[in-house]
Amino acid sequence: MNNFDFPITRTDTPVPKPDMDKLGFGQYFTDHMFVMDFDDGTGWHNARIVPYAPISLDPAAAVLHYSQEVFEGMKAYLTRSGDALLFRPFENAQRSNNSSRRLCMPVIDERLYIEAIKALVREDYDWIPDREGTALYIRPFIIATEAFLGVRPSKKYSFYVIMSPVGSYYESGLMPTKIYVEDEYARSVKGGMGAAKTGGNYASGLLSQEKAKAKNCSQVLWLDGVERKYVEEIGTSNAFFAIEDKIVTSPLTGTILPGITRDSVIELLRSWDMRVEEDRFTIGDIFEAHENGRLSEVFATGTAAVISPVGQIMWGERSITINENTTGPISKRLYESITGIQTGMIADRFSWTELIPKP
Ligand code: COI
């Protein structure tokens, strides 16, 4: 098969599967996990699949103090023939390495990264849910494990992959969400860590998320960190706005996450001869476009969120309702196309999917 044969220790106590109709997001975990260690002398070594279990860390481990960690999110989908598909896993492996470089962490050979994930999916294959709108969410992450309180890059790391059968990310499912524009706190600035997928970016967003929740909104719309007026991204996903005959989204200038779904959406839209602009625009532009009847749709894109239509945006005292709070035709077509390709129902003319044959 390949030269990545990882030793496997199987669990003696497999856990019962959850009700696949009530999965929610990230609440249940499969029976096994992948682990690999790094130290400065040896490099990455001791790759293995072991029973899913709590991990033991020295209380002085660098990740606990200085947040040296990166993570990824991807999904495995069950096809009608019973095989599984990963969606653009090389992009995740590459982005993980880019995040690692930003945080002075060691990179992982991309083939090894993907083979580790494939091996774990094969091991817990019967955890891939088969209901429409469900998938096996895969969470690879790397943490700094050296016990040392000085501030410098750790000399030891561990790479883990855990997996969770999931349904919709939002409790509202595919219903349009209500979004709160954060004009007090910022998520990132140029030169910061905004483009890295690292826990700190998400921790710094929690306070704003709580503010959003208090206003009955499910996510935050982030503005730029300098002038608090340019639109950046929506919570844990990228943001798209359909204005007249074009669709606009923020450019990748280092302050937002380079989303893999974002990239796929841009490619799909262009393949449908739709105009996509990756350019800066302000929240004022969006409200003005709404006032003039030019804003027809807003949606967020992400691995967890897939395509998530936005029905309402709150900005200070102002609030707008988009497309009568219903899912618009572009969001619907994108959702159907992306999930169709991901689940093998639609031919993958972009070569985005990677097959894991049913073991
Ligand atoms: C993903 O879409 O995979 C993410 O990483 C979002 C996650 C933080 C829930």
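**Around the ligand**

Start with Ala304: one of its polar backbone atoms is 2.8 Å from an oxygen atom of the ligand, a polar contact, meaning here a pair of N or O atoms within 3.5 Å. Bear in mind that this is a predicted model, where local features need pLDDT of at least 70, side-chain atom pairs count only at pLDDT 80 or more, and totals for chains, interfaces and linings use all residues. Residues are numbered from 1 along each chain as its sequence is written, and side-chain values use heavy atoms, with hydrogens and water left out.

Who else is around? The shell (residues with a heavy atom within 4 Å of the ligand) also includes Phe71, Gly73, Arg139, Tyr169, Lys197, Tyr202 and Thr236. Sorted by type, the shell gives five nonpolar, three polar and two charged residues, with Tyr and Ala counted as nonpolar and Gly as polar.

Now zoom out. The protein splits into domain 1 (32-166) and domain 2 (177-339), with bounds from an automatic or database domain assignment. In the contact between them, 18 residues come from domain 1 and 19 residues from domain 2, contact meaning heavy atoms within 4.5 Å. Their centres, taken over C-alpha atoms, are 27 Å apart. Back at the ligand, each of the two domains supplies at least three residues to the shell.

Definitions and conventions:
A polar contact is a pair of N or O atoms within 3.5 Å; within protein, one must be able to donate a hydrogen and the other to accept it, and residues adjacent in sequence count only if both atoms are side-chain atoms.
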